[in-house]
Amino acid sequence: MSILTRRHLLRHAALSATAVTPAGAAIGTATAAGAAATLAGCQPGDTDRTAPETSPAGRLPFPQNFGWGAATSAYQIEGAVKEDGRGESVWDTFSHAPGRIRNGDTGDVAADHYHRYADDLDLMRDLGLRSYRFSISWPRIQPDGTGPANQRGLDFYRRLVDGLHERGISPMATLFHWDLPQALQNTGGWESRDVAQRFADYAAILFDALGDRVPVWLTINEPKTVVQNGYLSGHHAPGLRDPDAAYLVAHHLQLAHGLAVRALRDTSGAGRIGPAFNLHPCYPADDSPAAAEAARLYDGYENRLYLDSALKGSYPEDVLADLGPDSRMVRGIRDGDLEIISSPIDLLAVQYYTPIYVTANGGTVSRWPTSEAEWQQIYPDGMYDILTRVTRDYGPIPLTVTENGLPTPDVLAADGTVEDTGRVSFLRDHLAAAHRAVTDGVPLESFHVWSLLDNFEWAEGYDQRWGLIYVDYATQRRVLKRSAHWYRQVIADNAL
Ligand code: FCB
């Protein structure tokens, strides 16, 4: 295992350990003024602007029919984990294991969206959303991950999708947002190549059942997070710390993506399909050649591993060399796999939260204020850099931003308001950066705020609130935060 792989392990282990440090504790150790001037390992980039701190002067109009949206995922909002034949997922197991989740929280009830989805759909309509990105729970469709579909599970998503159409909102369905059926984990999980085929079978069930009414499918949400958090740091399900397994898992997740794309092409479904990658612009933390080189390899692990395989049909040579010929991943790549992984896609979903600054020895530092999620540095220009970089390096493939957002310490005031002004500034600055990318030719067609609702934030439980809509978990009452009112106006104006 290389130094970098070890550093990944340490970094992510550190992230989970620092889950209890106060927000802001990690602020800036790198100070070199020009450090971000080059998009390291990425490409020379337009990065030496300072992040806008106030709203841009004047109006910024978005393209006609821009897909203003919000995003959620099944385990984070649905609850109802034992209803209508749902099986168990790795997140049920993980969240119920002592000590894994802050405050011992679980997704058992979450935002109770399974029962309240019709009210939630009305809220989406009130906001004026044009697109809603949600995920389908695999164990609701196949309780054990294989075999015939559970009709009651399908019926729930059919009601949801029909309810969206009735309200003029376009459904965007993610097939996998981390809730692998536990039965498949028991037979090896993503370390087993067979799971990729099981995923394609599951996808085919959905294409048959909902293909006539879902216009956009996303295959796998953030394969990198499964790799890094599930198998390197272990602070997500299934909670392992095994770098050699981690990158084999990366390959199988990519393979599963490609097989699902092919499964869609094999059906009569007219929908479009693509992967959802969380991309992190990687910048050298100082001007040294060693930092530039380290940032380039970091970029390989963070971005090119996923982008190159899906869009170019090859894994990056530097990453493969770093992993070494004896690694389980390199040994696990079979003839034909990369053709499957690079099956033509219709759009690419980009999720942007934070940049990464890489030091000469392959470590990382923070340069910008962090949010309540201490891994997140607030840097709107990173949105511009990553969108323009993808277009520059991979061609004019249609892009959608499927996640961008901020956790803030939201409080429901006595007068019934939630003043999340920090979220408003964050979204305004990131949308302005996305707008700049569009102006410079990036084919961005939609933008989804993470998240529609406060929800179960994985290892952080319910402590972090990411929603446009406040959820009072004691009563399940929903309250539109200031950011929701602001976003409604942006949507109505189709302009910032
Ligand atoms: C992303 C996840 C999403 C949510 C946000 C904050 O990595 O896809 O489920 O946890 O982070």
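What follows is a friendly chat about a predicted model of a protein with a ligand.

Me: Hi! I'm new to this one. How many helices and strands does the protein have?
Reply: Welcome! The protein has 17 helices and 13 strands. Keep in mind that the model is predicted.

Me: And what share of the residues is buried?
Reply: Of the 496 residues in the protein, 63% count as buried. As for the surface, the protein exposes about 17100 Å², and carbon and sulfur atoms supply 51% of that area.

Me: Let's go to the ligand. Which residues surround the ligand?
Reply: The residues around the ligand are Q76, H177, W178, N221, E222, Q351, Y353, E403, W450, E457, W458 and W466.

Me: Which polar side-chain atoms lie by its oxygen atoms, and how far away?
Reply: H177 has a polar side-chain atom 2.8 Å from an oxygen atom of the ligand. For W458 that distance is 2.9 Å, and for N221 it is 3.0 Å.

Me: How much of the ligand does the protein bury?
Reply: The protein buries 95% of the 290 Å² that the ligand exposes when taken alone.

Me: E403 was in that ligand list. Where does E403 lie?
Reply: E403 lies in strand 10, which covers residues 399–403.

Me: Why does E403 count as buried?
Reply: Its relative accessible area is 5%, and buried means under 20%.

Me: Which side chains make polar contacts with the E403 side chain?
Reply: There is R133, joined to E403 by a polar contact of 2.9 Å between side chains. The side chain of Q351 also makes a polar contact with that of E403, at 3.2 Å. Leaving aside neighbours within four places in sequence, the residues in contact with E403 include H177, N221, E222 and Y353, which are also among those surrounding the ligand.

Me: Switching topic: how many aromatic pairs are there?
Reply: A search of the whole structure turns up 35 aromatic pairs. Take F207 and W217: their ring centres are 5.0 Å apart and their planes are at 75°, so this pair is edge-to-face.

Me: Which parts does that pair tie together?
Reply: F207 is in helix 8 (residues 194–210) and W217 is in strand 4 (residues 216–221), so the pair links parts ten residues apart in sequence. Both F207 and W217 are buried.

Me: Which residues form an aromatic cluster?
Reply: Y75, W91, F94, W178, F456, W458, Y462 and Y473 form one cluster.

Me: Last one: which arginines lie over the face of a tyrosine?
Reply: R367 lies over the face of Y357, at 5.2 Å from the ring centre. R436 lies over the face of Y384, with 4.4 Å to the ring centre.

Definitions and conventions. Residues numbered from 1 in each chain as written. Predicted model: local features only at pLDDT ≥ 70, side-chain atom pairs only at ≥ 80, totals over all residues. Heavy atoms only, no water. Phe/Tyr/Trp six-rings, centres within 6.5 Å; stacked < 30°, edge-to-face > 60°. Helix = DSSP H or I, 4+ residues; strand = E, 2+ residues; numbered from the N terminus. Buried < 20%, exposed > 50% of the residue type's maximum accessible area, 1.4 Å probe, protein only. Lys NZ or Arg CZ within 6 Å of the ring centre and 35° of its normal. Polar contact = N/O pair within 3.5 Å; in protein donor to acceptor, adjacent residues only side chain to side chain. Contact = heavy atoms within 4.5 Å. Near = heavy atom within 4 Å. Areas by Shrake-Rupley, 256 points an atom, 1.4 Å probe, with all protein chains shown as cover.
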